[in-house]
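Here are a few friendly notes to read alongside the model. Keep the 3D view open and find each residue as you go.

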Amino acid sequence: MSTTYSRPQFRLAPTPTSESRDFWTGGARGELLIARCRDCRRFFHPPGPACFRCRSTNVAPEPVSGLATVAAYTVNRQPWIPGLEPPYIVAMVELDDEPDVRLITNVVNVSLDDIAVGLPVEVFFEDWTDPSGDEDTRVWLPLFRPRSA
Ligand SMILES: [Zn+2]
């Protein structure tokens, strides 16, 4: 099986909210933006108006390294979404900057034999615009691939 990722014909893209917009659009500048508490300095996800640890509302998105580690994964073999051909890997990755921050994503460019818990991965972004062409719905999906050395 080829492990070279090619962009699918279609994806179910999220609709950004005022709280999640930075997360979904930071990829326009190549940045994975994660909410960070300015008081306890910890990152948290999903983004929200307050830090769940210390309840501070002094929170704002900050770029992280984009480096992460596969914490769990499953191989989807069902053609749930037309244009997104199985098999593909749905994974939970933990960010190196804050292992407590876990993202559900796709890990690509890795064979089904080589995907494993503990695999070091890095973010990249896939730009999607809603078929309506509305710029407000444009998102840069954070996907992950094995680190390039
Ligand atoms: Zn805090």
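1. Start with Arg 36, whose bridge partner in strand 2 is Phe 43. Keep in mind that this is a predicted model. Strand 1 and strand 2 pair in the antiparallel sense, over 2 bridges.

2. Which residues provide the protein donors of the zinc ion? They are Cys 37, Cys 40, Cys 51 and Cys 54, each through its SG atom, at 2.3 to 2.4 Å from the ion. The angles among the 4 donor atoms run from 101 to 123 degrees, and the site is tetrahedral. Along the chain, the donors follow the spacing C-x2-C-x10-C-x2-C. Cys 40 sits in the loop between strand 1 and strand 2, and Cys 51 in the loop between strand 2 and strand 3, so this pair ties together parts that are 11 residues apart in sequence.

3. Cys 40 is partly exposed, with a relative accessible area of 28%, whereas Cys 51 counts as buried at 1% relative accessibility.

4. Finally, look at the largest nonpolar core, which has 26 residues; Leu 32, Val 93, Leu 95, Val 107 and Phe 144 touch the most other members. Elements giving two or more residues to this core include helix 1 (21-25), strand 1 (32-37) and strand 5 (88-95). Leaving aside residues up to four places away in sequence, Val 93 touches several residues, among them Ala 68, Val 70, Leu 103, Val 121 and Phe 144. In soluble globular proteins, nonpolar side chains tend to be buried together.

Conventions: Residues numbered from 1 in each chain as written. Predicted model: local features only at pLDDT ≥ 70, side-chain atom pairs only at ≥ 80, totals over all residues. Heavy atoms only, no water. Core = buried A, V, L, I, M, F, W, Y, C linked by side-chain atoms within 4.5 Å. Buried < 20%, exposed > 50% of the residue type's maximum accessible area, 1.4 Å probe, protein only. Helix = DSSP H or I, 4+ residues; strand = E, 2+ residues; numbered from the N terminus. Contact = heavy atoms within 4.5 Å. Pairing = 2+ DSSP bridges. Donors = N, O, S within 2.8 Å, 3.2 Å for Na, K, Ca; no water. Tetrahedral: all angles 85-135°; square planar, octahedral: opposite > 155°, others 65-115°.
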